[in-house]
Amino acid sequence: MTAISKYFHAVVTGPVSLLKGMSVTLRYFFNPKKIVTEQYPENKATLKMHERFRGRVELIHNEQNLHTCTACGICEKNCPNNSINVLSTKNIAGKKVLGKYLYRLDSCTQCGFCVESCPFGCLRMAHDFERSSADKQSFNMTLNKTEGQG
Amino acid sequence: MTFGIPNLIGDLVREYSPWPWLALGVNVILAVTAVLAVGIGSAPILIYMERKVCAHVQCRLGPMRLGWHGILQTIADVTKLLFKEVYSPKGVDKIVYYLAPMISLTAPFFTLALIPFGEQWQVINLEFAVPAIIAINGLGLFAILLGGWASNNKYSLLSALRSGALMISYEISFAMIMLFVIMISGSASLNEIIATQSGTVLDWWIFKLPVLGFVAFVMFMCVSTAELNRAPFDIAEAEQELTAGFHTEYTGTAFAMFYLTEYINLIAASALGSIFFLGGWQAPLVGIESVDKILLGIPGLVWMFAKIYFLIFLYMMFRWTWLRPRIDQLMSFEWKFLLPLSLILLGLGALFTAMGWVL
């Protein structure tokens with residue numbers, strides 16, 4: 001393509017591409033439904049986090065407060081910053097069951113490796129995010145609600 | 001010295017007061033107050049509008065907390081700016097450093113004084129208003145150059161030089177478009193230019209001259225964006241490269257003056273655009289008598305500001321849609337595209353008016 005034809009090509013295609021951009025921004029401007037801003041403290045009651053949001057780690061309990069953790073310890077091995085300690089005990093039948101699932105939120109980076117690696121799918125990332133606290137002890141949590149179950 | 005537009009208070013003083021010469025002083029004070037009211041009064045509105053437009057273009061909400069939908073946010077920001085300390089960095093030329101924002105604020109106020117906002121709403125009725133505006137425009141550039149040079153900051157200087165090159169280049173096309181308007185309307189007075197567009201919507205210069213009017217309007221918008229130093233031509237304050245360009249070192253009131261200049265310039269440029277191409281303060285009559293009666297009932301001042309704000313909205317959409325080219329691309333755009341086009345436009349405009357090919 002010669003320089004002259006390139007010049008006239010740009011003269012024609014330039015305004016077209018500019019108008020394309022304008023159509024996008026005008027569509028956004030006149031369509032308030034596209035707004036993604038959350039008015040956070042005001043909309044606390046109706047705020048819904050996204051499906052894949054990663055808050056703290058949670059052990060899934062059913063209605064009878066039972067979980068499916070077998071204390072295999074894979075999540076503990078996969079945790080990059082040692083936020084998880086799975087302490088196992090033996091039940092009456094001599095079987096290895098979960099004693100205490102210790103979880104430290106202050107060192108957790110919410111990477112989600114534990115959830116990914118759990119072979120029984122008994123972990124998930126909770127959707128609560130207002131976790132700041134002045135009390136350091138409140139970050140050390142025991143995730144299972146009953147001891148020695150399973 | 002006489003004022004083109006008579007006003008009631010000045011006339012009353014001249015007629016009934018024991019000192020008729022006082023009318024001159026009263027008129028000057030009234031003129032200054034009017035210009036300041038339009039300029040400073042609309043700057044907070046424009047800043048708020050810019051924030052909201054920018055936010056909605058980017059799928060955000062913008063200021064929401066202070067007052068209803070953040071309406072008091074600008075007032076809070078302006079108050080903050082006014083109470084901030086004004087200081088100058090080490091090694092600056094103090095006189096020039098503090099002179100630059102004042103000069104920059106002078107230019108748009110000059111332009112505002114020339115603009116008729118309605119039938120009776122004008123400070124000075126100049127016969128040669130358009131050349132005067134071209135001359136005044138140079139003052140804004142002067143302020144940017146002074147501010148950038150006096151800041152003792154290499155990035156500010158760089159920005160000032162860049163915007164100097166840019167604005168001088170685009171001023172040529174700006175003058176050409178204005179010459180085009182003078183040529184087709186046959187007068188350099190803004191009131192006369194408005195008078196030539198009386199009639200229906202089709203009598204505005206944007207439609208009256210087939211195709212050429214619209215091309216000239218688009219070019220005017222393009223060139224005046226460059227004159228305003230707004231994106232996509234905001235090479236003077238390219239944030240990514242030069243932080244804030246020529247006003248990096250300014251704080252408090254001095255910075256507020258530069259900021260105010262930007263928005264008053266916006267009003268002045270939009271007012272010029274609406275006078276040149278959209279019929280000024282005239283109502284957009286459609287030619288149907290019953291509708292026209294209602295449209296004529298609305299005062300010209302309202303129509304003028306409606307047109308000004310429409311053009312300002314366009315400028316804001318430009319700013320938040322398009323990206324900034326490099327300085328060399330901008331220069332080649334001006335010298336290789338806009339200037340030849342404006343010369344061709346001037347020639348074709350002469351041909352059209354000579355042959356009477358006007359709607």
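This is a predicted model: local features need pLDDT of at least 70, side-chain atom pairs count only at pLDDT 80 or more; totals for chains, interfaces and linings use all residues.

Me: What pattern does chain B follow along the sequence?
Reply: Helices (H or I, at least four residues) and strands (E, at least two) are DSSP runs, numbered from the N terminus. Chain B has 14 helices and zero strands. Written out, that reads α-α-α-α-α-α-α-α-α-α-α-α-α-α.

Me: And what pattern does chain A follow?
Reply: Chain A comes to three helices and five strands. In sequence order, they give α-β-α-β-β-α-β-β.

Me: What radius of gyration does chain B have, next to a compact globule?
Reply: The radius is taken over C-alpha atoms, and the globule rule is 2.2 Å times the number of residues to the power 0.38. For 359 residues a compact globule would come out near 21 Å, and chain B agrees, with 21 Å.

Me: What about the radius of gyration of chain A?
Reply: The C-alpha trace of chain A spans about 90 × 45 × 30 Å along its principal axes. A compact globule of 150 residues would be near 15 Å, but chain A has 26 Å.

Me: What percentage of the residues in chain A is buried?
Reply: Buried takes 20 or more other C-beta atoms within 10 Å of a residue's own, with C-beta atoms placed from the backbone. In chain B, 41% of the 359 residues count as buried. For the 150 residues of chain A, the figure is 13%.

Me: Which elements of chain B give two or more residues to the side that touches chain A?
Reply: Contact means C-beta atoms, placed from the backbone, within 7 Å. Chain B puts in 12 residues and chain A 13. On the chain B side, the elements are α2 (22–57) and α13 (300–321).

Me: How is α1(A) oriented relative to α2(B)?
Reply: Axes are lines fitted to C-alpha atoms, for helices over the stretch in contact, and angles run from 0 to 180 degrees between N-to-C directions. Helix α1 (residues 3–29) of chain A packs on α2(B) at about 105 degrees, with the axes 7 Å apart. Angles of 65 to 115 degrees count as roughly perpendicular, so α1(A) is to α2(B) roughly perpendicular.

Me: Which residues make the contact of α1(A) with α2(B)?
Reply: From α2(B) come B:Val53, B:His56 and B:Val57, and from α1(A) come A:Thr25, A:Tyr28 and A:Phe29.

How values were computed: Residues are numbered from 1 along each chain as its sequence is written. Chains are lettered from A and ligands numbered from 1 in the order in which they are written. A residue is buried if 20 or more other C-beta atoms lie within 10 Å of its own, exposed if 12 or fewer, and partly exposed in between; C-beta atoms are placed from the backbone. Two residues are in contact if their C-beta atoms, placed from the backbone, lie within 7 Å. Angles under 35 degrees count as roughly parallel, over 145 as roughly antiparallel, 65 to 115 as roughly perpendicular and the rest as oblique.
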